[in-house]
Amino acid sequence: MCQADSEVFASFAHAQVTITNEIYRFLGEPPVFLFCPTEYCGSLCSPSVSKSPYLQTVGEDLLPNITVIWTGSKVISRKLSLDCLAELESVLQRPPLIWDNLHANDYDTRRLFLGPFKGRDPQLKSHLRGLLLNPNCEFEANYIPLHTLGTWYRAEKDYVKDEESEYCPDRALTAALHDWMEELNQPLQAGRQSTRADHRASVSSSRSKTPDRSNCPSTFRATPAVAKLPVFPLNSSSPPSSPPMGKAEREGREGERKRSQQPSQQLPGSKSGAPVGGGRAQRAQGRSVCGGKGSLSEAQVRLLVGLHYLPHEHGPSAQKLLQDLTWLKTNCHLVGANSKKGQPEKVDEWRGRASRFLSLCEDIAQLHGSVVGGANRAVLYDLYPYVWDLRNTALVAKAFICWLDGRVLSDSSSLGSWRNCFHWCGKTTGADMLGVDSEPWVFKGGVSGDVQMLLPVGSSAELFTHPPPLFPTSRIYNIRPYHSKDKVELYRMVRQLHQRTQGGHESTMAHPDVIGDRCLGPCLALSPEYSFILEDELGICGCVLGILDVRSFAKRCQASWIPAMRDKYPPKGNSTHSNTQDLVRLMEEDQGEYPDSLIYHFPSQLRLDALPELVDVSVSRTLLTSLLTALKANGSQGVFCEVQPTDHQRLEFLTKLGFLEILRGEARSREGVVLGRLL
C-alpha cells in the first residue's frame, strides 16, 4: 500500500474489507454480494489456511452476509473435501462460495475439458453458500460439464445411502453422452441458429466467459488471412509453382490416374480395406470420404471425450494412446534395423501393440473427418481447433511408429536423449510428473502435448503449435514410410508438377522417368528409410525425402547412382534429346560439395513436395515433422534445405518451422539459400 493508505488501514486485508463493506452498504445490502479475496485458494494462503492473517482479518471484519469466493486447495482443484471446507469455514466464519475451475480452459489453447463433474462429494452442498462452474471458453464444449453438474446436484438433494443413489461420475457421463448425441446431430449453424423451421428458438451463443487472450501466445484463436496454397518443388532449382490447375486439367490428371492399376499394399497395423498404395482412383474405392455425410457415432463421441477429459486426468482413450506409445518407444530396439534376432515372441508383441496404436490413430483421423462433416456447425467451429491439433499430432506419432519397425538404429547411443526421457505411463497428465499436486498449466498441451513430448522432436514447439486452416476440410490424410511400390506414383506426381511449373518438354515424353530420377531417384534408391509419403482418400498427394548423412550419401551417389543414370540415358547421336542430357548433367551437379562448416552442424538434408490442390496446408508441416522425427531418432543433430531466393513461399514456410538462413550464394556452384535448424 502507499503511505497514505498505510496511515488509514492496518493491513491490505483491512483495506479490502473496509472498502467492500462500504460498497455493500451503499448498494443497500443486496441479498447476493460476492467478495473474491487475494488468497482465494489454499496454495495462496500464507503460511496456511488456518493460520493466514489475511483470511483471519476477512473472517473477523467482513460483514457476515457478504459471501467469500474460494476455488479449493488450488486454483484448479483436483478434489474438494469436507475437511478442507470445514477448516476454511472456521476461519472465514461463514460457508464459502466455490468458484470451480475444473473445466476452465482459458490457460491453455490446446486443451478442452469434456469430462464429467468429478472429485466433489455431493454432501458439500450443505457446507456451501453456492457453487459456480467456470466452463470451457467454447460454448458447445460445456454440455457434459453442465449436465453432470446437474446430476451431482440432484444426487445430493435426494441423497440416500445406497450405491445406486450415490453420484457416480461414470454413470453421469454415460447419461450426459446419451442426451448430447441428439444435440450433436442437430443441424445448428455457428451461433446456434437452427436450420429446422420447427426447431426451438435460437439462443445466444455468448460465451460463459471471454477472457482477454491478446497477451497470450495463442495456437488457434488468431487465424491469418487467406493466402495462396504453397507449392514446394522437390528441388531448389525448380521455379515457383504456377496457379492451381483448372477444371479441364484436373479432369485430365484424374483420367490418367484412373488408368493406373497398381496393386495396393497393406501397412502393418492398418485397418483392413484401407489400401495405402496404388492410384488415386483405386484409393477412392478403398476409403470413404466424410464430406458432410452421416453423423457422429456414440463411439466417436466417447473417443472425443476420452481424449479431452479433465485437467488432472486423461480419459481411457488418451491413457491407452500414451501407454502404447511409451511402451513402443521404450522397446523399439526389438524391431530395430540392427536388432538381434531370436526373440520372435517379443517382436510379435511389439507389432501387436503397434497395430493397436495405429488403429487408434486412424480412429482419431476418422473422428476429425466426422466432426468436420457433421450437421452441427456450431459444434464444429468450437471443437475443430482441438480435434485438428490432435489429428496432426497423431499423424506424426503414427508415422513414427510405422517407421520404427526395421528402420531405427537400435544400438545408437544418441537414442538415449529421446527414448529414455518422459516415462510416465499415460494414466496422468504431464503436469503430475513435475509434482504430486501441480497446477495443470505447469505442463501445457493436454494429450497432444503429452504425445508430442514422447517424440524425439517433442521439445520443438514450433513444429506442433500453429493456427488451424480457415476452412475446415474433412479429407482424411495419412503419413507413412515409403515403400518400393510407391515409386511409379511418385514419379508420375513429380512429372506432372514439373510440367505445370516449367511446361512440358519432348524429353519427358521420350524419357518419362528423367524428372523423377533427378528429383526423387537418388533418395528413393539410396536413402529410402528417410522417405515419407502423404496420402489422402485418392492416393499419394505429397512426399518428403531425407538424407541422414549427406557426406556418405554423396559418395554413394558418385559410386552407383550417377553411373546408373549414364547407362540409362546414353547419348546416341541425335536420338537423345539435349534437354534430357542437361538433366543428366544436373544430376551430377546435384551431388556437389557443401562447406564443412555447414555439414558439421547440419549433417542431414531434406526435400519437400506438396501438390497445389492440397487443401489443409498444415499437413505439409506435419509431413516435414515426421521426417525430422526419424532423423533425430537415428542421431542427426541438424538438418538443412536448399531453396531458391525467389521461392518466397517455401522460405516463409520453413522459417515458421524454425529454419534459419545459414548460407546464401555459397551453396554448391549455383545461387541458392541454405536454411538449417538444429534437432
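Visitor: What makes the side chains of R110 and D389 a salt bridge?
Guide: The model here is predicted, so local features need pLDDT of at least 70 and side-chain atom pairs count only at pLDDT 80 or more, while totals for chains, interfaces and linings use all residues. Residues are numbered from 1 along each chain as its sequence is written, and side-chain values use heavy atoms, with hydrogens and water left out. A salt bridge is a side-chain nitrogen of Lys or Arg within 4 Å of a carboxyl oxygen of Asp or Glu. R110 and D389 have 3.0 Å from N to O, so the pair is within the limit of 4 Å.

Visitor: Which parts of the chain does the pair of R110 and D389 tie together?
Guide: R110 is in the loop between strand 3 and strand 4, and D389 is in helix 12, so the tie joins parts 279 residues apart in sequence. Helices (H or I, at least four residues) and strands (E, at least two) are DSSP runs, numbered from the N terminus.

Visitor: How do you know whether R110 and D389 count as buried or exposed?
Guide: Buried means under 20% relative accessible area, exposed over 50%, and partly exposed in between (1.4 Å probe, protein chains only). R110 has 9%, so R110 counts as buried. D389 has 1%, so D389 counts as buried too.

Visitor: Why does the pair of D100 and R120 count as a salt bridge?
Guide: The closest N and O atoms of D100 and R120 are 2.7 Å apart, so they are within 4 Å. D100 lies in strand 3 and R120 in the loop between strand 3 and strand 4, 20 residues apart in sequence. Both D100 and R120 are buried.

Visitor: What makes E652 and K656 a salt bridge, and where do they lie?
Guide: E652 and K656 are four residues apart in helix 23 (residues 648-656), about one turn of the helix. An α-helix has 3.6 residues a turn, so residues three or four places apart point the same way. E652 has a relative accessible area of 45%, so E652 is partly exposed.

Visitor: How many salt bridges does the rule give?
Guide: The count comes to 17 salt bridges. D324, R353 and R356 are linked in a network of them.

Visitor: What lies around R621?
Guide: Contact means heavy atoms within 4.5 Å. Leaving aside neighbours within four places in sequence, R621 is in contact with residues including W388, N392, E462, L463 and F653. A polar atom of the R621 side chain lies 3.0 Å from the backbone oxygen of L463.

Visitor: Why is the pair of Y107 and W441 called edge-to-face?
Guide: The structure holds eight aromatic pairs. Rings of Phe, Tyr and Trp (its six-membered ring) pair if their centres lie within 6.5 Å; planes under 30 degrees apart count as stacked, over 60 as edge-to-face and the rest as tilted. Y107 and W441 have 5.8 Å centre to centre and 70 degrees between the planes, so the pair is edge-to-face. Y107 and W441 are 334 residues apart. Y107 is buried at 15%, whereas W441, at 35%, is partly exposed.

Visitor: What makes the rings of F400 and W403 a stacked pair?
Guide: Their centres are 6.2 Å apart and their planes are at 20 degrees, so the pair is stacked. F400 and W403 lie three residues apart in helix 12 (residues 377-404), and both are buried.

Visitor: What makes helix 9 mostly covered?
Guide: Seven of the 10 residues of helix 9 (residues 298-307) are buried, among them V301, L303 and L304. In the protein chain, buried residues make up 54% of the 679 residues.

Methods. Polar contact = N/O pair within 3.5 Å; in protein donor to acceptor, adjacent residues only side chain to side chain.
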